[in-house]
Amino acid sequence: MFLQTVRSPRSFNFWRRLQRTLMVRTVKAQTHPSAPGTASCLQIPLPSERETRALGGALARCARIGDVFLLRGELGSGKTVVARGFLQTFHRDPLLEVTSPTYLLDLPYPDLEGNALLPHATVHHLDLYRVGNAADRSIVDFEHIFRECISLIEWPERLSEWLLPPHHLEVWLRFVPDDETGRTAELVGSASGGRAEGEVRWTQTELEQLCNLLRVNE
Ligand SMILES: Nc1ncnc2c1ncn2[C@@H]1O[C@H](COP(=O)(O)OP(=O)(O)O)[C@@H](O)[C@H]1O
Ligand SMILES: [Mg+2]
(Lines give C-alpha, C1' and ligand atoms only; values in the text may rest on other atoms or scores of the structure.)
(Ligands and ions follow the chains in the order given, each with its own letter.)
Protein backbone atom coordinates (compact mmCIF):
# COMPACT_ATOMS: atom_id res chain seq x y z
CA MET A 1 0.00 0.00 0.00
CA PHE A 2 2.76 2.38 1.04
CA LEU A 3 4.93 1.54 -1.99
CA GLN A 4 1.98 1.82 -4.34
CA THR A 5 1.40 5.35 -3.13
CA VAL A 6 5.03 6.27 -3.68
CA ARG A 7 5.07 4.83 -7.21
CA SER A 8 1.83 6.48 -8.33
CA PRO A 9 2.20 9.42 -10.79
CA ARG A 10 0.85 11.77 -8.15
CA SER A 11 3.34 10.71 -5.52
CA PHE A 12 5.64 13.72 -5.81
CA ASN A 13 2.82 16.21 -5.29
CA PHE A 14 1.36 14.06 -2.56
CA TRP A 15 4.60 14.03 -0.59
CA ARG A 16 5.21 17.71 -1.20
CA ARG A 17 1.72 18.55 0.09
CA LEU A 18 2.24 16.31 3.08
CA GLN A 19 5.57 17.92 3.83
CA ARG A 20 4.01 21.40 3.67
CA THR A 21 1.23 20.32 5.98
CA LEU A 22 3.69 18.87 8.45
CA MET A 23 5.57 22.14 8.50
CA VAL A 24 3.26 23.06 11.34
CA ARG A 25 5.37 24.71 13.94
CA THR A 26 4.79 25.85 17.45
CA VAL A 27 6.24 29.02 18.81
CA LYS A 28 6.25 30.82 22.11
CA ALA A 29 3.45 33.32 22.06
CA GLN A 30 4.77 36.06 24.30
CA THR A 31 5.86 37.81 21.13
CA HIS A 32 2.42 37.89 19.49
CA PRO A 33 1.64 41.59 19.10
CA SER A 34 -2.13 41.40 19.41
CA ALA A 35 -2.36 39.09 22.36
CA PRO A 36 -0.32 40.26 25.32
CA GLY A 37 0.04 37.59 27.97
CA THR A 38 -1.04 34.86 25.57
CA ALA A 39 0.30 31.47 26.48
CA SER A 40 0.24 29.53 23.24
CA CYS A 41 0.46 29.99 19.50
CA LEU A 42 0.58 27.66 16.51
CA GLN A 43 1.13 28.41 12.82
CA ILE A 44 -0.25 26.13 10.12
CA PRO A 45 0.16 26.32 6.34
CA LEU A 46 -3.08 25.69 4.40
CA PRO A 47 -2.07 25.13 0.76
CA SER A 48 -5.64 24.37 -0.35
CA GLU A 49 -9.23 24.40 0.84
CA ARG A 50 -8.85 20.75 1.85
CA GLU A 51 -6.31 21.56 4.56
CA THR A 52 -8.47 24.44 5.81
CA ARG A 53 -11.42 22.07 6.15
CA ALA A 54 -9.15 19.58 7.93
CA LEU A 55 -8.14 22.29 10.40
CA GLY A 56 -11.83 22.78 11.21
CA GLY A 57 -12.11 19.00 11.69
CA ALA A 58 -9.15 18.94 14.09
CA LEU A 59 -10.67 21.79 16.12
CA ALA A 60 -13.93 19.83 16.32
CA ARG A 61 -12.11 16.82 17.75
CA CYS A 62 -10.62 18.98 20.51
CA ALA A 63 -13.81 20.90 21.28
CA ARG A 64 -15.52 20.96 24.65
CA ILE A 65 -18.82 22.47 25.74
CA GLY A 66 -18.32 26.20 26.33
CA ASP A 67 -15.52 26.57 23.79
CA VAL A 68 -15.52 29.75 21.71
CA PHE A 69 -13.57 29.85 18.44
CA LEU A 70 -12.95 33.32 17.01
CA LEU A 71 -12.50 33.06 13.23
CA ARG A 72 -10.58 36.14 12.12
CA GLY A 73 -9.46 37.21 8.65
CA GLU A 74 -10.41 39.19 5.58
CA LEU A 75 -13.38 38.42 3.34
CA GLY A 76 -12.64 35.20 1.45
CA SER A 77 -9.79 34.12 3.71
CA GLY A 78 -11.56 30.85 4.63
CA LYS A 79 -13.45 31.44 7.89
CA THR A 80 -16.60 29.71 6.64
CA VAL A 81 -14.50 26.84 5.26
CA VAL A 82 -13.06 26.26 8.77
CA ALA A 83 -16.59 26.35 10.21
CA ARG A 84 -17.76 23.86 7.55
CA GLY A 85 -14.94 21.43 8.37
CA PHE A 86 -15.69 21.80 12.06
CA LEU A 87 -19.43 21.17 11.75
CA GLN A 88 -19.12 18.27 9.29
CA THR A 89 -16.64 16.51 11.58
CA PHE A 90 -18.47 17.36 14.78
CA HIS A 91 -21.78 16.01 13.44
CA ARG A 92 -20.04 13.08 11.67
CA ASP A 93 -21.72 14.15 8.43
CA PRO A 94 -19.38 15.01 5.54
CA LEU A 95 -22.38 16.15 3.48
CA LEU A 96 -23.77 18.53 6.10
CA GLU A 97 -24.59 21.78 4.36
CA VAL A 98 -22.88 24.73 6.02
CA THR A 99 -23.46 28.10 4.43
CA SER A 100 -22.44 31.50 5.61
CA PRO A 101 -24.91 32.77 8.18
CA THR A 102 -24.20 36.41 7.23
CA TYR A 103 -27.84 37.45 6.95
CA LEU A 104 -29.07 35.31 9.81
CA LEU A 105 -26.39 36.27 12.34
CA ASP A 106 -26.63 32.93 14.15
CA LEU A 107 -27.17 29.44 12.74
CA PRO A 108 -27.50 26.79 15.45
CA TYR A 109 -26.58 23.16 14.65
CA PRO A 110 -28.16 21.05 17.42
CA ASP A 111 -27.40 17.34 17.69
CA LEU A 112 -30.91 16.00 18.19
CA GLU A 113 -30.10 12.32 17.78
CA GLY A 114 -26.98 12.09 19.91
CA ASN A 115 -24.63 11.22 17.03
CA ALA A 116 -22.22 14.13 17.38
CA LEU A 117 -18.73 13.91 18.85
CA LEU A 118 -20.23 15.45 21.99
CA PRO A 119 -23.73 13.95 21.97
CA HIS A 120 -26.67 16.40 22.14
CA ALA A 121 -24.40 19.45 22.00
CA THR A 122 -25.33 22.47 19.91
CA VAL A 123 -22.75 24.33 17.84
CA HIS A 124 -23.61 27.94 16.96
CA HIS A 125 -22.12 29.35 13.77
CA LEU A 126 -22.26 33.13 14.00
CA ASP A 127 -21.30 35.73 11.43
CA LEU A 128 -21.31 39.20 12.96
CA TYR A 129 -20.23 41.07 9.80
CA ARG A 130 -23.54 42.90 9.62
CA VAL A 131 -23.95 43.53 13.31
CA GLY A 132 -24.41 47.26 13.52
CA ASN A 133 -25.95 48.16 16.81
CA ALA A 134 -26.83 46.92 20.25
CA ALA A 135 -30.28 45.80 19.03
CA ASP A 136 -28.67 43.29 16.65
CA ARG A 137 -26.43 42.01 19.40
CA SER A 138 -29.30 41.42 21.77
CA ILE A 139 -30.89 39.02 19.24
CA VAL A 140 -28.30 36.44 20.34
CA ASP A 141 -28.13 35.24 23.91
CA PHE A 142 -24.34 35.18 24.01
CA GLU A 143 -24.17 34.44 27.71
CA HIS A 144 -26.23 31.28 27.22
CA ILE A 145 -24.43 29.95 24.16
CA PHE A 146 -20.96 30.69 25.57
CA ARG A 147 -21.86 28.65 28.65
CA GLU A 148 -23.95 25.79 27.25
CA CYS A 149 -22.89 25.37 23.62
CA ILE A 150 -19.88 25.62 21.30
CA SER A 151 -19.48 28.82 19.28
CA LEU A 152 -17.78 29.50 15.95
CA ILE A 153 -17.73 33.26 15.41
CA GLU A 154 -16.84 35.01 12.16
CA TRP A 155 -16.06 38.73 12.53
CA PRO A 156 -15.79 38.58 16.35
CA GLU A 157 -14.27 42.07 16.32
CA ARG A 158 -17.85 43.35 16.02
CA LEU A 159 -18.45 42.22 19.60
CA SER A 160 -17.31 44.06 22.68
CA GLU A 161 -14.23 42.39 24.14
CA TRP A 162 -15.86 42.14 27.54
CA LEU A 163 -18.55 39.85 26.12
CA LEU A 164 -16.03 37.22 25.06
CA PRO A 165 -15.11 34.55 27.59
CA PRO A 166 -11.39 34.65 28.42
CA HIS A 167 -10.72 31.06 27.30
CA HIS A 168 -11.47 31.61 23.61
CA LEU A 169 -9.21 30.35 20.81
CA GLU A 170 -8.39 32.80 18.03
CA VAL A 171 -7.97 31.43 14.50
CA TRP A 172 -6.30 34.03 12.26
CA LEU A 173 -6.59 33.21 8.54
CA ARG A 174 -4.35 35.00 6.06
CA PHE A 175 -3.86 34.94 2.29
CA VAL A 176 -0.51 33.81 0.91
CA PRO A 177 0.75 36.41 -1.61
CA ASP A 178 0.77 35.25 -5.27
CA ASP A 179 -0.89 31.95 -4.38
CA GLU A 180 -4.60 31.78 -5.18
CA THR A 181 -5.34 28.81 -2.93
CA GLY A 182 -2.70 29.37 -0.28
CA ARG A 183 -3.69 30.45 3.21
CA THR A 184 -2.04 30.32 6.61
CA ALA A 185 -3.67 29.88 9.97
CA GLU A 186 -2.35 31.16 13.24
CA LEU A 187 -3.98 29.81 16.36
CA VAL A 188 -3.66 31.95 19.45
CA GLY A 189 -4.80 30.43 22.71
CA SER A 190 -5.50 32.39 25.82
CA ALA A 191 -4.60 29.57 28.23
CA SER A 192 -6.94 30.83 30.89
CA GLY A 193 -9.73 29.32 32.94
CA GLY A 194 -12.28 27.29 31.00
CA ARG A 195 -15.95 26.70 31.68
CA ALA A 196 -15.33 23.85 34.10
CA GLU A 197 -13.92 24.37 37.59
CA GLY A 198 -10.12 24.27 37.54
CA GLU A 199 -9.96 23.80 33.76
CA VAL A 200 -7.32 25.68 31.77
CA ARG A 201 -8.01 25.96 28.03
CA TRP A 202 -5.64 26.20 25.13
CA THR A 203 -2.28 25.59 26.68
CA GLN A 204 0.70 25.01 24.41
CA THR A 205 0.30 21.27 25.05
CA GLU A 206 -3.28 21.35 23.79
CA LEU A 207 -2.26 23.16 20.62
CA GLU A 208 0.45 20.56 20.06
CA GLN A 209 -2.18 17.82 20.39
CA LEU A 210 -4.23 19.62 17.75
CA CYS A 211 -1.16 19.67 15.56
CA ASN A 212 -0.87 15.87 15.97
CA LEU A 213 -4.50 15.47 14.92
CA LEU A 214 -3.70 17.30 11.69
CA ARG A 215 -0.85 14.90 11.00
CA VAL A 216 -3.14 11.91 11.58
CA ASN A 217 -5.71 13.37 9.16
CA GLU A 218 -3.17 13.36 6.36
N1 LIG B 1 -6.61 27.27 1.27
C2 LIG B 1 -7.91 27.68 1.23
N3 LIG B 1 -8.60 27.69 2.38
C4 LIG B 1 -9.89 28.13 2.39
N5 LIG B 1 -10.56 28.57 1.32
C6 LIG B 1 -9.91 28.57 0.15
C7 LIG B 1 -8.57 28.14 0.05
N8 LIG B 1 -8.18 28.27 -1.22
C9 LIG B 1 -9.24 28.76 -1.89
N10 LIG B 1 -10.28 28.93 -1.07
C11 LIG B 1 -11.57 29.51 -1.49
O12 LIG B 1 -11.69 30.75 -0.81
C13 LIG B 1 -13.04 30.96 -0.43
C14 LIG B 1 -13.11 31.15 1.07
O15 LIG B 1 -14.42 31.52 1.35
P16 LIG B 1 -15.03 31.66 2.80
O17 LIG B 1 -14.63 30.50 3.66
O18 LIG B 1 -16.50 31.88 2.60
O19 LIG B 1 -14.31 32.98 3.32
P20 LIG B 1 -14.73 33.90 4.53
O21 LIG B 1 -15.74 33.18 5.33
O22 LIG B 1 -13.43 34.12 5.27
O23 LIG B 1 -15.23 35.17 3.94
C24 LIG B 1 -13.85 29.75 -0.90
O25 LIG B 1 -14.46 30.05 -2.14
C26 LIG B 1 -12.78 28.68 -1.08
O27 LIG B 1 -13.13 27.76 -2.09
MG1 LIG C 1 -17.76 33.70 5.90
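## Getting started

A residue counts as buried if 20 or more other C-beta atoms lie within 10 Å of its own, as exposed if 12 or fewer do, and as partly exposed in between, with the C-beta atoms placed from the backbone. This is a predicted model, so keep in mind that local features need pLDDT of at least 70, side-chain atom pairs count only at pLDDT 80 or more, and totals for chains, interfaces and linings use all residues. Residues are numbered from 1 along each chain as its sequence is written, while chains are lettered from A and ligands numbered from 1 in the order in which they are written.

## The chain as a whole

Let's start with the big picture. The chain has 218 residues, and 35% of them are buried. Its secondary structure comes to seven helices and eight strands.

Two residues are in contact if their C-beta atoms, placed from the backbone, lie within 7 Å. Take the contacts between residues at least 6 apart in sequence: 68% of them join residues at least 24 apart.

## Helix α3

How many of the 14 residues of α3 are buried? The count is 10 of the 14, so α3 is largely enclosed by the rest of the structure. Among the buried ones are Glu51, Thr52, Arg53 and Leu55.

From its first C-alpha to its last, α3 reaches 20 Å, close to the 20 Å expected at 1.5 Å a residue. The expected span is 1.5 Å times one less than the number of residues in the helix.

## Helix α4

Next up is α4, which is mostly covered, with 11 of its 12 residues buried. The buried set includes Lys79, Thr80, Val82, Phe86 and Phe90. What does the covering? It includes the helix α3 and the strands β3, β4 (106-110), β5 (122-127), β6 and β7.

The length of α4 works out too: its 12 residues should span 16 Å, and its end C-alpha atoms are 16 Å apart, which agrees. Just after α4, arginine 92 takes a positive phi of about 50°.

Two strands pair if DSSP finds at least two bridges between them. β3 pairs in the parallel sense with β6 (residues 150-154) over four bridges, and leucine 71 has glutamate 154 of β6 as its bridge partner. β3 also pairs in the parallel sense with β7 (residues 169-176) over four bridges.

## From β7 to β8

β7 has another pairing, in the antiparallel sense, with β8 over eight bridges. In that pairing, the bridge partner of arginine 174 is threonine 184 of β8. The two strands form a hairpin with two residues between them, and aspartate 178 in the turn has a positive phi of about 60°.

## The nonpolar core

A nonpolar core is a set of buried Ala, Val, Leu, Ile, Met, Phe, Trp, Tyr and Cys residues joined through C-beta atoms within 7 Å. The largest one here has 42 residues, and Phe69 and Val171 have the most contacts inside it. The largest share of this core, six residues, comes from α4.

What does valine 171 touch? Not counting residues up to four places away in sequence, valine 171 touches Phe69, Leu70, Leu71, Arg72, Val82, Ala185 and Leu187.

## Around ligand 1

A residue is near a molecule if its C-beta atom, placed from the backbone, lies within 6 Å of it. There are 16 residues around ligand 1, and Thr52, Gly78, Lys79, Thr80 and Thr181 come nearest. The elements giving two or more residues to this shell are α3 (49-62), α4 (79-90) and β8 (179-189). The largest share, three residues, comes from α4.

The shell divides into three nonpolar, nine polar and four charged residues. Here Ala, Val, Leu, Ile, Met, Phe, Trp, Tyr, Cys and Pro count as nonpolar, Asp, Glu, Lys and Arg as charged, and the others, Gly among them, as polar.
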